[in-house]
Amino acid sequence: MAAIRRDQAPIAANGRSYIDGIDVKVLLLSAYDADSHKRWRRGLVAAIPEWQWTVLTLPPRYFSWRVRGNSLSWGRGEAADVLRQPWDLIVATSMTDLAALRGLVPEIARIPTAVYFHENQFAYPRTADAFQSVEPQLLNIYTALAGDLLLFNSHYNRRTLLDGAAQLLRRFPDCVPPDLCTEIAQKSRVLPVPLEDDLFDAPPRRSTRPTFAWNHRWEHDKGPDILLAALRQFRHCDIPFTLHLVGQQFRRQPAEFGQIEQLLQECDALGAWGYQQSAADYRQLLRGSHAVLSTARHDFQGLAVLEAVAAGCLPLVPDNLAYPEWFGAGGYRFAADPETCAANLSAAMRRCAEQVVRQQPLPVPDVTRLCWSSLAGDYRRLFEQLLRQ
């Protein structure tokens with residue numbers, strides 16, 4: 001089937017346009033197929049099963065090479081013939097070097113393309129020893145300009161990309177075209193990564209002992225130093241508690257995690273520890289927790305927190321990043337000083353624990369609006385609008 005022209009939708013023999021039926025051929029590109037990206041693309045394919053999906057992925061390792069080299073890996077690699085097929089729509093993650101890929105494979109240059117931004121390269125906290133390069137940020141700009149529809153998982157993600165891009169472009173000495181950020185803004189929309197519907201099925205099963213979960217990547221940007229400081233303060237409340245510290249681990253991880261484990265053992269508060277291989281066990285752990293903690297210095301959507309809230313956890317999260325979009329203004333004050341931030345989190349933990357001890361209900365937010373059954377129609381509508389342009 002020939003690719004759908006951008007000025008009209010072809011009509012099938014039954015009088016129905018292709019975008020209303022099962023004849024849309026979609027190529028989905030996940031250039032850095034991390035767990036959250038994998039989860040999103042699988043949910044998307046399942047949400048629009050009538051369309052014909054072909055998925056190309058690259059493994060989430062060797063970040064610098066992957067984000068710069070994916071156009072070569074695909075455009076001149078084994079996937080080249082797949083790319084040259086007559087697609088109706090391309091959906092790519094923002095790690096895809098779309099501008100270069102369209103140059104290497106001119107057959108896709110005029111195919112309507114939506115780009116999904118799970119993250120951007122402007123809002124990541126930098127470590128002191130990190131290699132400083134503007135190239136990943138420039139690639140974000142190139143891909144945003146090359147895409148026809150840009151989807152962001154939060155307003156925070158969209159705003160920090162636009163602000164960061166404007167600041168970066170002002171640094172260059174000359175020949176910077178005007179209105180690049182305006183162009184990006186005009187074709188961008190916010191549409192979160194949805195939650196699986198079955199997350200909401202099972203009721204919580206909790207003990208009377210205050211139980212917290214911290215369920216993030218074990219890396220510096222998720223604030224293990226703040227968590228350690230908060231636990232050191234919270235232990236003086238003399239309230240027995242349990243903390244599950246789970247999430248994706250790496251060979252190298254901040255030293256604070258070892259100190260946290262020792263502290264929890266001393267307090268008889270150590271729950272589950274490390275990455276949970278079983279999704280069923282992980283969800284049961286969340287349903288058994290009263291609150292989910294975040295000490296993140298950046299979180300573009302907070303999918304791990306949202307998953308816990310869907311399981312019935314009260315979110316004890318910062319009052320910045322993407323969290324206010326989902327939970328309002330009730331987060332703890334996230335201060336620049338880690339000790340002050342930790343004190344604010346410790347106070348929130350104490351209030352939660354005291355409510356649990358008194359057997360008072362916790363004000364868990366309703367996030368059912370963020371499930372796939374609620375958002376799948378929005379994805380379809382935006383893609384169909386793109387096809388009709």
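**Exposed loop residues in the predicted model**

Asp 238 is placed in the loop between α8 and β8, where helices (H or I, at least four residues) and strands (E, at least two) are DSSP runs, numbered from the N terminus. The structure is a predicted model, in which local features need pLDDT of at least 70, side-chain atom pairs count only at pLDDT 80 or more, and totals for chains, interfaces and linings use all residues. Residues are numbered from 1 along each chain as its sequence is written, and side-chain values use heavy atoms, with hydrogens and water left out.

The backbone of Asp 238 has a positive phi of about 60°, although this residue is not a glycine. Asp 238 counts as exposed because its relative accessibility is 68%; the term exposed denotes over 50% relative accessible area, buried under 20%, and partly exposed in between (1.4 Å probe, protein chains only).

Pro 240 is also found in the loop between α8 (224–234) and β8 (242–246). With a relative accessibility of 53%, Pro 240 is therefore classed as exposed. When residues up to four places away in sequence are not counted, Pro 240 touches Arg 209 and Pro 210, a contact being defined by heavy atoms within 4.5 Å. Leu 228 and Pro 240 are separated by twelve residues in sequence and, from C-alpha to C-alpha, by 17 Å in space.

A positive phi is also found at Gln 359, a residue other than glycine, where the value is near 60°. Gln 359 belongs to the loop between α13 (338–357) and α14 (372–388). Its relative accessibility is 64%, so Gln 359 counts as exposed.
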